[in-house]
Amino acid sequence: MLRQWRRPLPGLLAPLLILAISTRTQPVQANPTEPSCPLASASEPIRSPAAPPPAVAPQTDAARKGLQAPPDYRQVLTSTPYGWPRLDGWCVWIEPLSSSGTPDPWEQRWLLAVEAALERWQRLLPIRRVVDPAAAQVRIRRQRPPLRQEPDGRMRASHGRAILELRTVTRNGLPLLEPSVDVLLSPGQRPQAIQATALHELGHAFGLWGHSDHPGDAMATTPGPTPILELSPRDQATLRWLYGQPTRFGLPLTR
């Protein structure tokens with residue numbers, strides 16, 4: 001789970017508490033400027049790269065009674081010991097086609113669907129595509145996620161998974177605390193299903209570590225019969241709330 005942290009950040013906890021007093025906040029903007037994405041060096045993981053299963057939203061009284069859903073689902077989002085895992089600007093790497101010759105139609109279909117999903121998030125967040133995975137905080141890989149064991153012992157298969165790791169990195173000579181996310185997306189789906197899965201998993205990658213209980217949301221717990229290809233007003237409202245919160249991520253660490 002996201003709340004199970006292996007060890008604290010060595011020697012940096014006290015400075016982080018000071019940084020929390022003077023954190024910068026930036027609301028989500030429709031037409032953001034692209035962030036700079038220098039290569040990260042001296043990267044140090046704070047936790048092991050295990051998949052944090054996002055919290056499942058409990059069914060609300062309104063949902064049970066068939067009433068109108070609340071305007072957002074901020075109450076189900078999961079934070080970290082270092083604050084909300086979000087950045088003012090993201091660098092994203094998408095696994096390219098494996099061949100420079102005639103493209104594999106299955107790989108090409110996967111890439112187009114993933115790019116369509118990312119474009120939906122780019123309407124709301126400062127996101128820049130990079131060609132080097134070492135420069136990215138989010139890496140999207142053409143890979144079926146491994147089976148995951150549920151609490152009841154059963155093995156669960158999925159077509160998408162976001163794996164969060166918190167890291168200290170050095171960019172432009174400055175040590176930073178960053179979320180680092182690997183998004184695994186299976187190519188073995190039809191295009192609309194790939195796009196819907198990518199839209200959902202990228203929501204986790206960009207900080208929405210939680211699940212909505214409303215089937216019309218991209219971050220719904222269980223996908224409905226029709227793939228969700230656009231962010232709902234509730235998805236957007238939750239994202240705006242999250243990006244209005246202070247965070248320690250992306251700030252220079254004092255030593």
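Two strands pair if DSSP finds at least two bridges between them. Helices (H or I, at least four residues) and strands (E, at least two) are DSSP runs, numbered from the N terminus. The model is predicted: local features need pLDDT of at least 70, side-chain atom pairs count only at pLDDT 80 or more, and totals for chains, interfaces and linings use all residues. Residues are numbered from 1 along each chain as its sequence is written, and side-chain values use heavy atoms, with hydrogens and water left out.

**View 1. The hairpin of β7 and β8.** These two strands pair in the antiparallel sense over 12 bridges. Gly-160 has Leu-185 in β8 as its bridge partner. The hairpin has 2 residues between the strands, and Asn-172 there takes a positive phi near 55 degrees. Buried means under 20% relative accessible area; exposed means over 50%, and partly exposed lies in between (1.4 Å probe, protein chains only). In β7, 11 of the 12 residues are buried, so the strand is largely enclosed by the rest of the structure.

**View 2. Arg-161 in strand β7**. This arginine counts as buried, at 6% relative accessibility. A polar atom of the Arg-161 side chain lies 2.8 Å from the backbone oxygen of Pro-146.

**View 3. The largest nonpolar core.** A nonpolar core is a set of buried Ala, Val, Leu, Ile, Met, Phe, Trp, Tyr and Cys residues joined through side-chain atoms within 4.5 Å. The largest one has 45 residues. Those with the most contacts inside it are Trp-121, Val-138, Ile-140, Val-183, Leu-202 and Phe-206. Elements that each supply at least two residues include β2 (90-94), β4 (138-142), β8 (174-185) and α5 (233-242). The largest share, 7 residues, comes from α3. A second, separate core of 6 residues includes Cys-37, Cys-91, Val-130 and Ala-136.

**View 4. Around Trp-121.** Contact means heavy atoms within 4.5 Å. Leaving aside residues up to four places away in sequence, Trp-121 touches Ile-127, Leu-199, Leu-202, Gly-203, Phe-206, Leu-208, Leu-231 and Leu-239.

View 5. Of the 15 residues of α4, 13 are buried. The expected span of a helix is 1.5 Å times one less than its number of residues. For α4 that is 21 Å, and its end C-alpha atoms are 21 Å apart, which agrees. Just after α4, Gly-207 takes a positive phi of about 120 degrees. Gly-210 lies in the loop between α4 and α5. Gly-210 is buried, with a relative accessible area of 0%. Gly-210 and Ser-79 are 131 residues apart in sequence, yet 9.5 Å apart in space, C-alpha to C-alpha.

Methods. A polar contact is a pair of N or O atoms within 3.5 Å; within protein, one must be able to donate a hydrogen and the other to accept it, and residues adjacent in sequence count only if both atoms are side-chain atoms.
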